[in-house]
Amino acid sequence: MPSSAAPGLDRRLFLTSVLGVTAAVAGLSGCAESNAATTEAASTDALLDKVPAGTSLNIASYQNVQQLQFKLAKLPPLPFKVSNWLNIGAGPDVINAFRAKSLDLANNAGIPPIQAHFQGFAAKIVAINITRKPNYLFATKPGSDIRSVDDFRGKKLAFSQGQAQGVVLLRALKKAGLAYDDVKLVPLTSNQFLTALQSGQVDIAPLGNNQAPAYLKQYAAKGAHTIPTDVVDLLNLLWAPVSVLNDRAKAAAIAAYIPQWARGQVWQYEHPDIWNEEFYVGTQNLTLQQAKSISALANKPLFPPSWDEAIRWEQETADLLAEGGFVKPFKVDSLFDHRFEGIAARSVPAEYRR
C-alpha cells in the first residue's frame, strides 16, 4: 500500500471527526502535557499480593456486560470497590475518559492503545483474550450491488481510525490488494455507522456480528446485505493509564479484577442459552432467533500465557496504520505491562489457555 493516505483526507479533519472536537482541541492545546505523558516512567514494582483496604476503580462496562456476567456466573465479590461502571466501549470515548481521569480500566480491541500512543497518552495493556474468528462483517447500504471486498474499489467506506472496525477494514483492503487511494475512507465513529448506511452516506460499514441481524431485519427487504470477512481482530484486551498502573493499590485491584474478567467470558461462552435470554433478548431487544445466530458466531475465549503472538499482531497493526500515515511508526512493546502477563491464563481451565 502507498505510504500516503486517501486523497483529500485532511489529517486534522480526520482526527477531529474521529475523536471529537473536545479531544482534538485538548490534543493541540495540551501538546506539552501529552509529550510528557508519553515519556512518563511506568512502574516496574512487583504487584502487591493483596488489595489495600479502601481501594476503588472506575471500570468500563459497555452495555453493562461485565456486571451481568459476574452476576449470572455467581463470581465472588471483588476485593475492592467499583466506584463507577461506565457504559462506554468505543476506543475514542475510552481515551477521552482516561484523559479526564474518570476511568481507570477499560475493555477494548488492539487499536485504541495504538491510537492513545499516537495522541501522546501513556497507557498499557494488562490482559489479553485472543479471538480466532471474525467479530465483524461488512454491511452494505440499501440497494447496493457490492458482493465482495474486490467491489470496494471507488466506494465510500465507513472508517474509524481509533477502533477495531478500522483495522478490520484496513486488513481486508490489504488482503484484497486494494490501496488506500482505491477507495474513499469516510471518517466516522462506529456509533455513526448505522445512520451512515441507512442514509447512503457510505456504501459499506463494518458491523459487529451482534449488530448485523437488527440492521438486516430492517433493511434487507430494501436491498441491504452483508459480506462476510475472514479477517480477525485478534485482540480483546484490558488496558489502563500508566498513572493508574503506577498506583500500587490500583494496580493490585486490576490484578484482582483480571481473573473475574476472564472467568466471566468463559461462563458466557459455556452458557449461551442463558446469555441469549438475559442479555440479547432481555437487554438488547433482539429475538431469540437473532440471539442464537449471534452466539453461534461467538469466539471461544483464549487467554495466552505468553503475549508474544499478541505483540506481533499489535506491531503489524501499528505498521499498517503507519503505512497509511494515520500514526507514526513505533515499537509496540511499550504498550504492554508484563507484570500482568499470565494472570488471566492462570485463572481459567487449561482448554482456555492458548
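Which residues are buried in α6? In this predicted model, the buried residues of α6 are I111, P112, P113, I114, Q115, A116 and Q119. Helix α6 spans residues 111–119 and is mostly covered, with seven of its nine residues buried. Just after α6, G120 adopts a positive phi of about 90 degrees.

## Overall architecture

The protein contains 15 helices and 10 strands. Of its 354 residues, 54% count as buried. Among contacts between residues at least 6 apart in sequence, 82% join residues at least 24 apart. The sections below describe individual sites, beginning with a strand residue and its surroundings.

## N108 and its surroundings

N108 lies in strand β3, which covers residues 106–109. With a relative accessible area of 7%, N108 is buried, because buried means under 20%. Two polar partners are found for its side chain. A polar atom of the N108 side chain lies 2.6 Å from the backbone oxygen of G89. The side chain of N108 also makes a polar contact of 2.8 Å with the side chain of W239. Leaving aside residues up to four places away in sequence, N108 touches G89, A90, G91, V94, L235, N236, L237 and W239.

## Aromatic pairs

The count of aromatic pairs in the model comes to 14. One of them joins F98 and W239 in an edge-to-face arrangement, with 4.9 Å centre to centre and 75 degrees between the planes. F98 belongs to helix α5 (residues 91–99) and W239 to strand β10 (residues 235–241), so this pair ties together parts that are 141 residues apart in sequence. Both F98 and W239 are buried.

Y269 lies in helix α11 (residues 248–270), while Y352 lies in the segment after α15 (343–346), so the pair links parts that are 83 residues apart in sequence. Elsewhere, F70, W85 and Y257 form one aromatic cluster.

## Helix packing

Two packed helices are described by the angle between their axes and the distance between the axes. Two such pairs are set out in the table.

| Helix pair | Axis distance | Axis angle |
|---|---|---|
| α7 (residues 164–175) and α14 (residues 308–323) | within 11 Å | roughly 75 degrees |
| α9 (residues 212–219) and α13 (residues 288–295) | 9 Å | about 135 degrees |

The axes of α7 and α14 cross at roughly 75 degrees, which makes α7 roughly perpendicular to α14. On the α7 side, V167, L170, R171 and K174 take part; on the α14 side they meet W313, E316, T317, L320, L321 and E323. The axes of α9 and α13 form an angle of about 135 degrees, and this makes α9 oblique to α13. The contact between these two helices is made by P213, A214 and K217 of α9 and by Q290, S293 and I294 of α13.

R171 is found in helix α7 and is buried, with a relative accessible area of 18%. Not counting residues up to four places away in sequence, R171 touches V231, V232, W313, E316, T317 and L320. Among these, W313, E316, T317 and L320 belong to α14.

## G208 in strand β8

G208 lies in strand β8 (residues 204–208). G208 is buried, at a relative accessible area of 5%. Apart from residues up to four places away in sequence, G208 touches N135 and Y136. The C-alpha atoms of G208 and A139 are separated by 9.6 Å, although these residues stand 69 residues apart along the chain.

Definitions and conventions
Residues numbered from 1 in each chain as written. Predicted model: local features only at pLDDT ≥ 70, side-chain atom pairs only at ≥ 80, totals over all residues. Heavy atoms only, no water. Phe/Tyr/Trp six-rings, centres within 6.5 Å; stacked < 30°, edge-to-face > 60°. Helix = DSSP H or I, 4+ residues; strand = E, 2+ residues; numbered from the N terminus. Buried < 20%, exposed > 50% of the residue type's maximum accessible area, 1.4 Å probe, protein only. Polar contact = N/O pair within 3.5 Å; in protein donor to acceptor, adjacent residues only side chain to side chain. Contact = heavy atoms within 4.5 Å. Axes fitted to C-alpha atoms, helices over the stretch in contact; angles between N-to-C directions. Parallel < 35°, antiparallel > 145°, perpendicular 65-115°, else oblique.
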